[in-house]
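Today I am opening my notebook on charged side chains. I want to see which of them pair up, and where those pairs sit.

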Amino acid sequence: MSVLTAESRSRAGTIVLARHGEPALSRKVRLSAAQYVDFWARYEIMGLLPGQTPPEALKTFVAECGTLVSSTRLRAIESAQTVAGARAFERYEILIEAPLPPPMLPGWIKLSPRIWGFVARVCWWFFNHHDGQESRAQAEARADRAAAMLIDLAADGQNVVVLAHGFFNHLIGRALKKLGWKLTKSEGYKYWSMRRFERPSRP
């Protein structure tokens with residue numbers, strides 16, 4: 001069944017923020033803070049775990065959208081290629097994930113990558129721990145610019161699909177809401193999930 005109903009076509013110009021598929025790097029390990037730094041560096045350059053099947057709803061929405069874009073990270077590019085086939089699309093550095101530098105806890109403390117990611121994000125968000133990388137304020141400003149770019153892409157009535165990253169998509173969503181856009185569908189932030197925003201009503 002088509003994702004784009006007649007009603008949704010009459011409200012053209014939606015923006016869908018989709019998260020990439022599962023990367024080819026196992027999270028079933030326990031790491032020290034220093035080891036997590038290396039893990040994240042490898043995560044940032046790796047592509048997708050082979051054999052994944054994207055949701056049909058995402059594939060259909062991509063097939064029917066006017067514009068498809070991705071971040072420049074390989075996992076996002078391969079995700080866009082998986083759902084779009086041979087279709088060409090632009091890749092934008094502005095859409096890459098916000099950094100996840102962990103606090104340098106003692107080496108005997110070993111946590112899963114999922115827990116390290118949570119700890120690093122809390123420290124980054126609430127305590128400005130960025131280890132010389134992009135700060136929260138800088139990432140939020142980048143998200144504002146990314147949201148403006150996507151709104152420009154949707155300005156002529158085209159539906160826009162973004163294949164990018166969980167947390168930075170969240171920041172873009174916050175920026176869209178500040179500009180009056182409404183979240184009309186959310187699948188959360190799991191791999192391949194979509195969050196759809198619709199433009200404000202025009203007088």
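Before looking anything up, I set my terms: I call a residue buried under 20% relative accessible area, exposed over 50%, and partly exposed in between. I also remind myself that the model is predicted.

**Entry 1, the count.** I looked up the salt bridges and found that the structure holds nine. I picked a few to follow up.

R42 forms a salt bridge with D38, and the closest N and O atoms are 3.1 Å apart. I placed both residues in helix α2 (residues 33–45), where they are four residues apart, about one turn of the helix. I then checked accessibility: R42 has a relative accessible area of 35%, so I note R42 as partly exposed. D38 comes out at 42%, so D38 is partly exposed as well.

Next I took E44, which forms a salt bridge with R73 at 3.2 Å between the closest N and O atoms. E44 lies in helix α2 and R73 in the loop between β2 (67–71) and α4 (74–84), so this pair ties together parts that are 29 residues apart in sequence. Is E44 buried or exposed? At 12% relative accessible area, E44 is buried, while R73, at 21%, is partly exposed. I also found that E44, R73 and R75 are linked in a network of salt bridges.

I finished with E187 and K185, whose side chains meet in a salt bridge at 3.7 Å, N to O. E187 is partly exposed at 26% relative accessibility, and K185 is partly exposed with a relative accessible area of 31%.

Methods
Residues numbered from 1 in each chain as written. Predicted model: local features only at pLDDT ≥ 70, side-chain atom pairs only at ≥ 80, totals over all residues. Heavy atoms only, no water. Salt bridge = Lys/Arg side-chain N within 4 Å of Asp/Glu carboxyl O. Helix = DSSP H or I, 4+ residues; strand = E, 2+ residues; numbered from the N terminus. Buried < 20%, exposed > 50% of the residue type's maximum accessible area, 1.4 Å probe, protein only.
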